[in-house]
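Dear colleague,

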Amino acid sequence: MATLPLSLALGAYDHTRGLRPRGISLTLSELRIEEIFFRFTRFREWDASEMSFGKIVALMAEPEPPIIALPVFVSRVFRHSAIYVRKGSGIRRPKDLEGRRVGVPEWAQTATIYVRGMLAHEYGVDLSSIAWTQAGVHQPGRVEKVGLHLPPGLRVTPAPERSLAGMLAAGELDAVISARDPGGERLFADFPAAELEYFRKTRIFPIMHVVVLRRDVYERDRWIAMNLLQAFEEAKNLSLARAAEIAASATPLPWIADHARRWSEVAGADFWPYGIEPNRPTLEAFVQYAHEQGVCRRRVTVEELFAPETRERFKI
């Protein structure tokens with residue numbers, strides 16, 4: 001039986017292992033996240049790709065979006081852990097960031113969008129009081145990959161010749177928000193406790209990376225959207241079962257099954273859900289934050305981000 005060839009770029013995840021979408025012959029490229037994002041955002045090299053949620057929202061707000069997303073969320077990370085402060089800066093709580101110099105790898109980086117939204121909405125931090133600097137975490141030359149539409153009062157200064165880690169060490173920055181460690185000390189020393197409390201209060205489990213299709217690929221064969229979603233769900237369910245297995249560990253770490261059990265007691269049996277409705281608090285918060293922070297030219301709706309075929313399921 002003939003199958004449709006489809007190229008796909010992903011990070012190497014246990015919950016995407018053994019993808020077998022019906023009617024599709026995959027050519028899978030497993031690469032570093034930064035390489036995937038750079039190559040797909042700039043050149044659209046694959047038919048489908050993992051992509052930064054921030055870039056997705058920015059592109060989907062354009063008049064003719066070049067992509068369409070699937071409600072497949074391959075990377076999720078709580079981000080209280082992403083705030084690093086310079087030792088001796090005197091920053092001990094979120095409000096202490098006001099009036100300070102804070103660096104970000106990219107203003108439109110998903111992790112930094114979530115952190116700024118959390119700082120503003122949960123801790124009352126005035127983002128416009130901060131002097132923001134954009135630069136690579138460890139290497140100079142990193143630049144924004146999408147156009148920004150900053151609201152009045154927010155200012156971001158690019159420093160393409162510098163690195164955030166270098167500026168933090170030299171005392172030229174007071175703090176850095178980054179998914180990767182730039183050095184310094186974490187603002188939230190006990191970040192797991194802070195993140196658990198945050199989830200219980202808001203039900204926000206930050207979505208970092210989403211699977212997308214090139215628009216031309218999707219328009220040519222719209223059936224692949226649901227077939228891919230189903231395949232990702234099947235692979236994810238097998239991964240959750242491996243994590244919960246107590247007879248033999250599928251991961252080279254102790255207590256994984258017990259950790260999975262305790263997290264399921266907080267988040268539910270499917271504690272890594274795909275689809276819109278189980279993730280609506282997170283999705284609604286993110287599109288609000290992205291618009292407030294000038295990442296996208298208009299506020300998109302959650303529904304318009306995702307292929308219509310993936311929003312409903314058949315019933316028997």
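The model is predicted, so local features need pLDDT of at least 70 and side-chain atom pairs count only at pLDDT 80 or more, while totals for chains, interfaces and linings use all residues. Residues are numbered from 1 along each chain as its sequence is written, and side-chain values use heavy atoms, with hydrogens and water left out.

Two packed helices are described by the angle between their axes and the distance between the axes. Helix 5 (residues 191-202) packs against helix 8 (residues 256-267) at about 30 degrees, and their axes lie 11 Å apart. Helices (H or I, at least four residues) and strands (E, at least two) are DSSP runs, numbered from the N terminus. Axes are lines fitted to C-alpha atoms, for helices over the stretch in contact, and angles run from 0 to 180 degrees between N-to-C directions. Helix 5 and helix 8 are therefore roughly parallel (an angle under 35 degrees).

In this contact (heavy atoms within 4.5 Å), Leu-196, Phe-199 and Arg-200 of helix 5 meet Trp-263, Val-266 and Ala-267 of helix 8.

Most residues other than glycine have a negative phi. Arg-203, in the loop between helix 5 and strand 11 (207-214), has a positive phi near 65 degrees. Arg-203 is partly exposed, at 36% relative accessibility. Trp-255, in the loop between helix 7 (224-244) and helix 8, also has a positive phi, near 65 degrees. Trp-255 is exposed, at 69% relative accessible area. Buried means under 20%, exposed over 50% and partly exposed in between (1.4 Å probe, protein chains only).

Yours sincerely

Note on methods: Angles under 35 degrees count as roughly parallel, over 145 as roughly antiparallel, 65 to 115 as roughly perpendicular and the rest as oblique.
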